[in-house]
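Biologist: I would like to learn how to read the features of a protein model. Please show me the structure and take me through it.

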Amino acid sequence: MKESPASNPAGGWPALAASTSKILASKDLRKSVKALFAVNQPTGFDCPGCAWPDPKNPAMAEFCENGVKAVSAETTGKRVTREFFTRHSVTDLREKSDFWLEGQGRLTEPMVYDSPSDSYRPVSWEKAFRLLGDTLKELASPDEAIFYTSGRTSNEAAFLYQLFVRMYGTNNLPDCSNMCHESSGVAMTEALGIGKGTVLLEDFEKADAILILGQNPGTNHPRMLTELQKARRRGAEIITLNPLVEKGLQAFLHPQHPGAMLTNRSSAISSLYLQPLIGGDLAALKGIMKWILLFETERPESVLDHAFIAEHTGNFESFALDLAQTDWAVIEKQSGLSRDELKAVAEIYCRSKAVIACWAMGLTQHKHAVPTIQQVINLLLLRGNIGRPGAGACPVRGHSNVQGDRTMGISEKPSEAFLDRLGSVFAFTPPRRHGVDAVAAIEAMAEGHASVFFAMGGNFARATPDSTFTEAALAKCRLTAHVTTKLNRSHLVHGRQALILPCLGRTEEDLQAGGPQSVTVEDSMSMVHASRGRHRPASPQLLSEPAIIAGLAKATLGESSPVDWDGLIADYARIRDRIAEVIPGFENFNARLQQPGGFYLGNSASRKEWKNEWGRARFTVSTIPDLSLPQGVLRLMTIRSHDQYNTTIYGLNDRYRGIRNERRVIFLNGDDIRLLGLEADQLVDLVSVYDDGQDRRAPEFRVVPYAIPRGCAASYFPETNVLVSVRSVADRSNTPTSKYIPIRIMPREPG
Ligand SMILES: Nc1nc2c(c(=O)[nH]1)N[C@H]1C(S)=C(S)[C@@H](COP(=O)(O)OP(=O)(O)OC[C@H]3O[C@@H](n4cnc5c(=O)[nH]c(N)nc54)[C@H](O)[C@@H]3O)O[C@H]1N2
Ligand SMILES: Nc1nc2c(c(=O)[nH]1)N[C@H]1C(S)=C(S)[C@@H](COP(=O)(O)OP(=O)(O)OC[C@H]3O[C@@H](n4cnc5c(=O)[nH]c(N)nc54)[C@H](O)[C@@H]3O)O[C@H]1N2
Ligand SMILES: [Mo]
């Protein structure tokens, strides 16, 4: 049934077959095929999959298997109609799996919850907006409302949304970033003065070495593998640090290069693959840098970039002193890697002129995420690997416009400068008090401080930690409302009143009074480009996200609003003109959008301008945390399968990890399985161990032996979110520690 990890290279025929069968399975074949050929092309729409940038001259069809899944999920011919809700009460729907809910297809008209029948009923847009507006106006304080954003929302929609929310009077704008790359933003803003990656796609063509820490691009950013493969072929070294042996990082076969497929010429991706303990990266990075400083004492003036350190950085002496005082024994114990293994990384790093460091959730979702990422920055600074071709920091973002949403002001902690400009351009006084992030939003609802929850996309109930607690918090609300394309669990754990507000997807034509509209997005590398959907909308009653915000704003702010909401919606170019007035880097927005491939927002750190409090890149000193756990307690990381997009489950296979037709599996080291008295395939319950006396349990997982270090375990999100305490968060970024859950494994009683 399974062989772990599966033995063929990633990509290749199975990837092509999987994407083709996705299209064949989607009910509207012609539409899916047409959609695919418009994806990531200069005149098409941006792939709703991930935030990996598009090459300048995209191949005829620049898509990957998971892009195919994302597109065919949106262009499906299946529909959730009002009849569907007469057949299924909300209680009945709550019994269904996330996979089933997703499979019902696109929502078609606005719905309101009817409590006597416990079901959703159709409602007009006008009435829906009135319910929202009236409820918001009745709140004692605007801070009693929460406005969540998931990262698919376009720049235009995000800008209008935050404008409306601030005119209404709150900064309660939590977003999926709070659970995602927030730690990267905090770490980099402090160390480098900017929270975004400093590299461009062309840097991957110049790098001599690429580090990949805590990221699984084979599944989550498949188009990145193309760059890695090219880099490897021209001789660049690729170093991976990952507790799991991820197949996509071992070898890759490009599914869109038939030549390579015919000869089965896969290429190895990683030249060095190390498996640290979960959470062991901070220790590992310190070990690598301890070696580098040692090399420098052996070969003075030839290892470190002294000119760069002197001219551009601060705090080097304290940093070097701390490393000198850090014990090898602590490094080895906490990283799970030997001194020699770390030396191999240091050697590659030092013989490479230009180095890029990439990372994702394996670093960000830990208690010590911020200091860990700052160690990555330290490593880059040692040899001047920031602001130089082929080198830099590359936090690989998740959602296709999560970075753009932040740029547009979706943030619970906006800067004073941003609020000043927003207030002066729109002639109002924005609220200054910081709002709640995702975790604080849950707590505010649980404690009754907030009673309206509005979501621009996403699946808050499933994506957040402590599922049982969070669902109860949402259910306490007076009103919950979701702008969404498909049905999901968050619509079913609703407040006393609830709305489902169905919107257009990326692939669909957005026709407004001024004609068909384009929107814009910003990728992981600060490139802004247009996206225009061309399909007939899934239903004539769908509104665009900007139009929904305009409706909401008019119903809430009424005549007193100085903004011409209808005028902005008639032609999104007008929204872009306002963005250009408020947000630096967007001057002449509409004109620059005409450039093929869009435009680059620039990055101060890559120009070696350090906009932090020291005016210099900062070496950060951090202590290695003691992550050891009591006997019998394992560290569990929650990861994505190959057949899911966050909480959206496309299918039940995880091909690269050899899993078929199931999701409730727990990957364990064979020795742990024996020592815990378990057997492969046995069914177990997972119980998390926090000292708050709460019983958090995820039942019925099948044990799967896997190439993972002792003491470590892996399982899929969101099934395991029930295990994560809402109070277990990263220091300073408040990100849930989804990659480090202390658990015990309980055999299930037979029978
Ligand atoms: N197809 C698809 N694409 C996606 C998504 C999706 O769900 N499906 N989600 C999108 C989003 S929002 C995001 S944020 C990205 C997520 O992209 P990733 O961050 O790649 O996603 P995860 O599955 O969370 O994988 C984390 C990786 O980190 C490793 N890891 C876990 N803990 C540690 C650790 O302590 N140290 C180290 N070194 N490694 C560790 C895991 O083994 C795993 O390989 O992908 C985006 N793209
Ligand atoms: N345990 C654990 N928890 C995690 C993570 C983890 O690794 N482990 N990862 C975290 C991360 S990195 C992230 S980013 C969050 C993700 O958190 P979210 O962004 O909240 O969740 P998604 O699953 O991406 O949201 C999917 C829903 O978005 C809606 N949708 C899809 N397309 C559109 C659209 O075009 N417009 C609108 N309005 N709605 C649309 C659909 O209804 C779909 O059900 O989860 C976090 N939670
Ligand atoms: Mo994410």
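Modeller: Start with a pair of strands: S4 and S17 run antiparallel and are joined by two bridges. Strands (E, at least two residues) and helices (H or I, at least four) are DSSP runs, numbered from the N terminus, and two strands pair if DSSP finds at least two bridges between them. In this pair, Met111 stands opposite Ile500 of S17. Note that this is a predicted model, where local features need pLDDT of at least 70, side-chain atom pairs count only at pLDDT 80 or more, and totals for chains, interfaces and linings use all residues. Residues are numbered from 1 along each chain as its sequence is written, chains are lettered from A and ligands numbered from 1 in the order in which they are written, and side-chain values use heavy atoms, with hydrogens and water left out.

Biologist: Which strand does S16 join through six bridges?

Modeller: Strand S16 (residues 479–484) is joined to strand S17 (residues 497–502), and the two run parallel. Val483 stands opposite Leu501 in S17, while His482 has Ile500 as its bridge partner there.

Biologist: In what order do the six strands of the open sheet lie?

Modeller: The order is S5-S4-S17-S16-S15-S6, with mixed pairing. Strand S5 (119–122) and strand S6 (145–149) are the edge strands, each pairing on one side only. From one strand to the next the twist averages 20°; angles run from 0 to 180 degrees between N-to-C directions, and axes are lines fitted to C-alpha atoms, for helices over the stretch in contact.

Biologist: Which helices lie on these strands?

Modeller: Helix H7 (residues 125–138) lies across S4, S6, S15, S16 and S17, and runs at about 130° to S17. Helix H26 (residues 545–557) also packs on the sheet, where it touches S15, S16 and S17 (contact means heavy atoms within 4.5 Å). The direction of H26 makes about 155° with that of S15.

Biologist: Why is S17 described as largely enclosed by the rest of the structure?

Modeller: Buried means under 20% relative accessible area, exposed over 50%, and partly exposed in between (1.4 Å probe, protein chains only). S17 is largely enclosed because five of its six residues are buried.

Biologist: How many residues of strand S13 are buried?

Modeller: In S13 (residues 355–359), five of five are buried. Val355, Ala357 and Trp359 point one way from S13, and Ile356 and Cys358 the other way. S13 pairs in the parallel sense with strand S7 (residues 209–213) over five bridges, with Ala209 opposite Val355. Four bridges join S13 to strand S14 (residues 392–395), again parallel, and Cys358 has Cys394 in S14 as its bridge partner.

Biologist: Where is Thr735, and is this residue buried or exposed?

Modeller: Thr735 sits in the loop between strand S30 (712–716) and strand S31 (741–747). Thr735 is buried, with a relative accessible area of 0%. Leaving aside neighbours within four places in sequence, its contacts include Asn178, Cys180, Thr364 and Ser728.
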